[in-house]
Amino acid sequence: MNPGWDFHAIAPVIIITATIVAVLIADFFFEYRGRFRTQQIASLGVLAAMIPIITLAVDGGTREMFNGGFVVDPYSLVFQGFFLAAAYISMLLSVDYIGDGDYYQGEFYVLLLTSVLGMLVMSSARDLISIFVALETISIPTFVLAGWRKHDPKSNEAAIKYYLIGVMSSAVMLYGMSLVFGLTGSTLLSEIADKVRTLDSPLLIVAGFLTIAGFAFKVSAVPFHFWAPDTYEGAPTPVTAFLSVASKVGGFVALLSVVWFGFSPNSAMFQPVLWGLAAASLILGNLVALRQTNIVRMLAYSSIAQGGFILVPFAVASDGGAWTSSIQSVVIYTLIYGAMNLGAFAIVIALARRTRSAEITSFAGLGQYAPGMAIVMSMFLFSLAGVPPFAGWFAKFTMFRAALDANTPAATVLAALAAVSSVIAFFYYARVAREMWFHQPPEGADVHPIRTPVALNAAVVICAAIVIAVGVYPQLFARLGDLAAGG
Amino acid sequence: MIVQNIFFWVLALAMVLGAIGVVRSQNVVHAALYLVVVMAGAAAQYILLAAEFVAWVQVIIYIGAVIILFLFGIMLTRAPMGGDTKLDNDQRWPAAVVSVFLAGVLGALLIDAFGKKEIVISGAKGEQLLQVGKAGHLADSIFTAYVVPFEVVSILLLAALVGAVVIARRD
């Protein structure tokens with residue numbers, strides 16, 4: 001039997017796999033001082049994988065393989081492009097941190113790329129088995145990455161917590177998937193969608209609930225969020241940036257694929273659960289973020305809250321017109337969230353090189369001695385808060401549009417909650433900005449201008465350019481959202 | 001069908017008792033050995049489902065590799081082997097309540113959904129069903145429909161190996 005390979009369609013996956021092997025072998029041959037070259041090989045591999053994505057996008061159309069279990073269409077290409085870009089920026093953030101800290105370098109990029117491989121497969125997977133394998137491929141390397149600072153007990157704690165919660169959530173999700181398979185007799189999402197339309201069984205609701213609960217752990221939605229702040233704080237900061245953007249969006253893509261392609265005909269399977277998750281994430285994430293004194297923990301709770309905003313369109317989507325604007329909103333929100341969150345983490349990493357601290361008070365007076373950094377950081381913070389003209393406002397706008405398009409009482413309540421949370425969120429983002437601009441640097445602090453490595457600067461510039469360009473001219477990403485939603 | 005049902009219930013009961021033993025045991029080695037009972041029970045269930053290949057894979061991988069690895073792990077690290085350290089904690093009663101509740105709800109729902117279903121193993125449909133468990137059929141689906149996840153898992157195992165070396169290395 002010929003499985004029907006389409007090598008053009010899986011070229012990005014093959015290129016990343018080849019890069020993983022190349023990095024692993026090259027690391028063996030480089031002298032100790034040449035190990036930084038593994039990062040260059042890894043980055044080149046990621047850039048090379050972008051090429052087939054562009055050619056596939058130009059080619060257009062939908063390519064299906066393996067009875068529709070692996071699909072390359074605009075939806076998957078948009079996310080694959082996003083994951084590769086996020087991986088590239090994460091590597092820019094990592095190179096000096098990992099090099100200076102004298103950590104294992106080749107192995108770091110092997111694990112990072114394996115996680116990215118999982119994300120690429122996830123974007124194309126339309127089958128429960130592929131989705132499960134892809135999700136594990138995203139998660140398992142990051143368990144090790146979170147504990148990369150082996151001699152720091154906090155990093156060990158981060159890795160252990162993340163690992164235990166991750167394994168448990170996989171078990172819950174797998175049990176849910178097995179029930180879905182038992183009830184529908186298929187692992188293909190398209191066939192599941194046909195079956196759930198007519199199937200009326202209370203077990204189906206529980207199956208949907210368990211599957212979604214597993215994903216909720218991965219995207220750290222309240223009440224499955226408690227690992228996130230500790231893991232984010234303990235993990236090396238570049239890894240935290242990668243976890244909070246790439247790995248989290250990987251979870252959202254899994255959720256979106258399963259809900260949209262699989263469960264959508266039967267809204268009882270996902271709508272009440274997702275509504276609850278979205279509302280709880282919005283309220284708790286934002287309220288707890290207000291009380292944080294550590295910037296990484298604050299960004300952790302902020303990412304939980306941002307996850308709540310991303311969940312809003314899921315929770316209100318139903319059969320019919322609202323799906324299109326919901327998909328658009330989820331895609332646009334995740335893309336913009338990635339750029340602004342990576343940017344904020346880049347500044348945190350750059351500043352921590354000087355202050356060796358992640359307390360919010362360490363930002364005091366930054367506007368006086370490093371105005372450039374303070375300006376960019378304020379930009380990312382206001383973008384996260386949703387203040388025009390930075391990209392965040394457009395993300396929030398599409399989210400509210402999706403909620404209003406749905407036009408149901410539940411959707412209106414959720415939109416109102418989201419509006420209130422946006423206002424609360426503004427306070428804690430603005431607090432960091434106030435610290436930078438209106439407070440004096442602490443006594444005895446080193447107030448020479450901060451020199452940042454080239455790679456970090458590049459990462460900041462890329463993120464800032466996206467945040468400004470999309471904020472001023474939102475059609476850039478709106479078009480991507482339309483494409484992904486099949487428009 | 002009666003014979004299969006009797007075997008199923010005997011195996012299921014042994015698995016449940018083994019599983020309770022895993023969490024109740026005060027000794028890590030005993031817990032690992034109880035786990036053998038559960039895994040072997042699962043393998044026997046696969047044979048009842050006419051899936052010999054999966055059953056043997058279960059025996060070779062879970063009993064032959066995973067459990068042995070557990071025992072080696074306990075032996076080579078300084079994990080408490082005797083019964084002197086308490087493995088229980090204060091949350092066992094809430095945990096018991098939650099487990100019984102979950103077992104009740106899921107059990108009731110499973111009976112509601114599948115209780116009246118019967119597997120037909122006679123005639124053409126039964127013949128087709130029996131083919132599904134055969135190794136050849138399994139190989140066909142691994143190398144056609146599921147070839148991408150299959151290959152991705154091998155890269156994942158490579159990464160897991162690299163990660164394990166990084167964690168375990170003394171430096």
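A residue is called buried here when its relative accessible area is under 20%, exposed when over 50%, and partly exposed in between (1.4 Å probe, protein chains only). By that criterion, the buried residues of helix H16 of chain A include A:Phe394, A:Lys396 and A:Met399. This is a predicted model, in which local features need pLDDT of at least 70 and side-chain atom pairs count only at pLDDT 80 or more, whereas totals for chains, interfaces and linings use all residues. Residues are numbered from 1 along each chain as its sequence is written, chains are lettered from A and ligands numbered from 1 in the order in which they are written, and side-chain values use heavy atoms, with hydrogens and water left out.

**Overall form of chain A**

- Chain A contains 19 helices and two strands; these are DSSP runs numbered from the N terminus, with helices (H or I) of at least four residues and strands (E) of at least two.
- The C-alpha trace of chain A spans about 70 × 55 × 40 Å along its principal axes.

**Burial and contacts**

- Of the 487 residues in chain A, 63% are buried.
- Among contacts (heavy atoms within 4.5 Å) with a separation of 6 or more in chain A, 80% join residues 24 or more positions apart.

**Helix H1 of chain A**

- Helix H1 (residues 11-29) has 19 residues and reaches 27 Å from its first C-alpha to its last, close to the expected 27 Å; the expected span is 1.5 Å times one less than the number of residues.
- Its buried residues include A:Val13, A:Ile16, A:Ile20 and A:Val23.
- The buried residues of H1(A) pack against elements of chain A, including helix H2 (37-59) and strand E2 (70-72), together with helix H7 (147-168) of chain B.

- A:Ser326 lies in helix H13 (residues 322-355) of chain A and is buried, with a relative accessible area of 2%.
- Not counting residues up to four places away in sequence, A:Ser326 touches A:Pro313, A:Val316, A:Ala317 and A:Ala402; A:Ala402 is one of the buried residues of H16(A).
- Helix H16 (residues 392-406) has 15 residues, and its end C-alpha atoms are 22 Å apart, which agrees with the 21 Å that it should span.
- A:Asn407, with a positive phi near 55°, follows H16(A).
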